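Colleague: I am new to this structure. Please take one part and look at it closely with me, starting with the charged pairs.

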Amino acid sequence: MADIAVIAKLTAQPGKRADLATALQGALDAAAGEPGTIYYILAEDAVEADLLWMFEMYTDQAALDSHMGSDAFKALGPAIGPFLGGRPELTFLKPIGGKGA
């Protein structure tokens with residue numbers, strides 16, 4: 001079972017959600033090759049036009065630390081900064097069960 005999950009709430013500047021999603025593509029591509037990253041999923045909010053959600057799940061804290069220390073993660077701030085409407089909100093979770101956990 002995965003040890004840690006993260007839900008990130010990413011608010012775009014008005015009308016910039018598609019630009020923000022495009023700017024996140026590099027991170028999505030990089031996460032695909034990270035061995036300790038189980039899920040790294042970007043989703044549009046079904047109601048709020050300027051909101052994106054990222055769901056992340058890692059095998060353990062070391063995998064999350066490796067992800068956050070990667071060059072791709074370091075490049076993320078400058079890539080998405082011009083499209084953000086506020087600071088990303090991160091929620092850290094410990095999965096305890098369920099399908100796919």
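Modeller: Start with Glu 44 and Arg 17, whose side chains form a salt bridge at 3.4 Å, N to O. Glu 44 belongs to strand E2 and Arg 17 to helix H1 (residues 17-23), so this pair ties together parts that are 27 residues apart in sequence. Keep in mind that this is a predicted model.

How exposed are the two partners? Glu 44 has a relative accessibility of 55% and counts as exposed. Arg 17 has a relative accessible area of 16%, and is buried because the cut-off for buried is under 20%. Side chains of opposite charge can pair when their charged atoms come close.

How many salt bridges does the rule give? The count is three. Another of them joins Lys 94 to Asp 3, at 2.7 Å from N to O. Lys 94 sits in the segment after E4, and Asp 3 in the segment before E1, so that pair ties together parts 91 residues apart in sequence. Lys 94 is exposed, at 56% relative accessibility. Asp 3 is partly exposed, with a relative accessible area of 30%.

There is also the pair of Lys 16 and Asp 19. Their closest N and O atoms are 3.8 Å apart. That falls within the 4 Å limit, so the pair counts as a salt bridge. Lys 16 is partly exposed at 32% relative accessible area. Asp 19 is partly exposed too, at 33% relative accessibility.

Now turn to helix H3, residues 61-68. Which of its residues are buried? They are Ala 63, Leu 64 and His 67. Looking down the axis of H3, these buried residues fall within an arc of 100°, so they line one face of the helix. An α-helix has 3.6 residues a turn, so residues three or four places apart point the same way.

The other side of H3 has Ala 62 and Ser 66, and both are exposed.

What covers the buried residues of H3? Several strands and a helix are included. Among the strands are E1 (4-11), E2 (37-44), E3 (51-58) and E4 (89-93). The helix is H4 (71-80).

Terms used
Residues are numbered from 1 along each chain as its sequence is written. This is a predicted model: local features need pLDDT of at least 70, side-chain atom pairs count only at pLDDT 80 or more; totals for chains, interfaces and linings use all residues. Side-chain values use heavy atoms; hydrogens and water are left out. Buried means under 20% relative accessible area, exposed over 50%, partly exposed in between (1.4 Å probe, protein chains only). Helices (H or I, at least four residues) and strands (E, at least two) are DSSP runs, numbered from the N terminus. The arc is that of the directions from the helix axis to the C-beta atoms. Contact means heavy atoms within 4.5 Å.
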